[in-house]
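Dear colleague,

Here is the structure I said I would pass on. Please have it open while you read the notes below it.

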2 protein chains.
Amino acid sequence: MNTDAGPALRRPCGISHVGIVTPDLDRFRAFYETTIGLDATMVFGSGPGHARQAVLMAGDIMLHVFEVPGYDPSAQGLSDAMFERGRLDHLGFTVTDLMALTAIRDRLIAVDASSGEIRPLGPMLSLRFQDPDGLESEINCYNTAFNPSTMRNEDGIVTPEWLERARQVLHASPSTSPSCTTSETSSNCQDTSTTTRRGHE
Amino acid sequence: MNTDAGPALRRPCGISHVGIVTPDLDRFRAFYETTIGLDATMVFGSGPGHARQAVLMAGDIMLHVFEVPGYDPSAQGLSDAMFERGRLDHLGFTVTDLMALTAIRDRLIAVDASSGEIRPLGPMLSLRFQDPDGLESEINCYNTAFNPSTMRNEDGIVTPEWLERARQVLHASPSTSPSCTTSETSSNCQDTSTTTRRGHE
């Protein structure tokens, strides 16, 4: 419980951008715009000390993509394997429902970028893909078959509203008809009163 | 221009989660909850083949944090330097205004995690910090002093609404009083009609 009597805790209300490095901006854009379905909003030309950059939108989050010609993490000894490719390991992109997930899966399979397997991961469904640079990420939607009673005793709920928060993340409305509108979501940029934080398990 | 007469392009409406690796989940949580101000919603206990995991919320985006005891990218030859730490390079967390940015800056300075310098980066203000694992990221808010006329000839606008999209990303309303509500933002999960995509510059 936050009993701080001082000023309210100012805190982030989202992620503005993810910085991503690619050796080939054109190839990156072709994949993420055509196959994944993101929009580019800006392309910055090269200048002193930097090559091209682009901004792609995943809803209201930016991918800030930096072209570093010749960039090859494997030359630094990095593998493409999960947990061996840097502190930031992967991204999951949100789609609203299984129909959208299936549509993107079909596009990914067509360019040989995914096995097409859709797996349940708690309240999410997950489709893994590998981009042309070898970066493995996911497409996610809400798993309508998720049963919270399958939680284990070893798992700790820190915020009682965790499942509702997960639904908000996945743009899944409590009703049976997930929609893409964000009007029902709450952004909690500022913690003005009580918190449900319980400290560390 | 998208002249595809087939089914509408199904596309992501956001980022559900970012997968992050830490060698010390307790230290990670202490920093991101107390200093940055995120909320944890779930902590998953270790099990066969995996150690602990936690879900922290940055607004409606999850950080899915995997504890990998002993994880040390520098042992793999990775540096902490920008563009040398993996394909996913950094995150930027959104705050609504300079007051929130300054509040978090003060907390970061208090734990020696930031120089405190706030720099303009186009339509964003940026405060860099380094977390206890050495990962460098940013806190961002909208730069109310940004002048789009400073764009260079080498820079290409792909989407005419790029600046409005950037404002949405940063939860900055077109008025002078940025708010934290998301009701004004538009999520574009599905491309039902025209697009402003112009292809690659």
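Predicted model: local features only at pLDDT ≥ 70, side-chain atom pairs only at ≥ 80, totals over all residues.

Interface of chain A and chain B

I began with the extent of the contact. On the chain A side 97 residues take part, and they touch 98 residues of chain B. About 9000 Å² is buried between chain A and chain B, and carbon and sulfur atoms give 57% of that area. Within chain A, the residues that lose the most area to chain B are A:R10, A:R87 and A:L88, which together make up 11% of what that side buries.

Polar contacts link 47 residue pairs between chain A and chain B, counting pairs with both residues at pLDDT 80 or more. Strand β2 of chain A (residues 14-22) supplies eight residues, the largest share of the side of chain A that touches chain B. By class, that side of chain A has 45 nonpolar, 31 polar and 21 charged residues.

Salt bridges

Over all chains, the structure holds 23 salt bridges. Three salt bridges are found across the interface of chain A and chain B. One salt bridge joins the side chains of A:D39 and B:R11, with an N to O distance of 2.8 Å.

Inside chain A, the side chains of A:R29 and A:E33 form a salt bridge at 2.5 Å, N to O. A:R29 and A:E33 both lie in helix α1 of chain A, and because they are four residues apart, about one helical turn separates them.

Helix packing

In chain A, helix α1 (residues 25-36) packs with helix α2 (residues 98-110) at an angle of about 135 degrees, and their axes are 9 Å apart. α1(A) and α2(A) are therefore oblique to each other. From α1(A), the residues in this contact are A:F31, A:T34, A:T35 and A:I36, and they meet A:I104, A:R107 and A:L108 of α2(A). The contact of α1(A) with α2(A) has four nonpolar, two polar and one charged residues.

In chain B, helix α1 (residues 25-36) and helix α2 (residues 98-110) pack at about 135 degrees, with their axes 9 Å apart. α1(B) is therefore oblique to α2(B). Here B:F31, B:T34, B:T35 and B:I36 come from α1(B), while α2(B) contributes B:I104, B:R107 and B:L108. By class, the contact of α1(B) with α2(B) has four nonpolar, two polar and one charged residues.

Regards

Notes. Residues numbered from 1 in each chain as written. Chains lettered and ligands numbered in written order. Heavy atoms only, no water. Axes fitted to C-alpha atoms, helices over the stretch in contact; angles between N-to-C directions. Helix = DSSP H or I, 4+ residues; strand = E, 2+ residues; numbered from the N terminus. Parallel < 35°, antiparallel > 145°, perpendicular 65-115°, else oblique. Contact = heavy atoms within 4.5 Å. Nonpolar A, V, L, I, M, F, W, Y, C, P; charged D, E, K, R; others polar. Buried area = accessible area lost by both parts, 1.4 Å probe. Salt bridge = Lys/Arg side-chain N within 4 Å of Asp/Glu carboxyl O. Polar contact = N/O pair within 3.5 Å; in protein donor to acceptor, adjacent residues only side chain to side chain.
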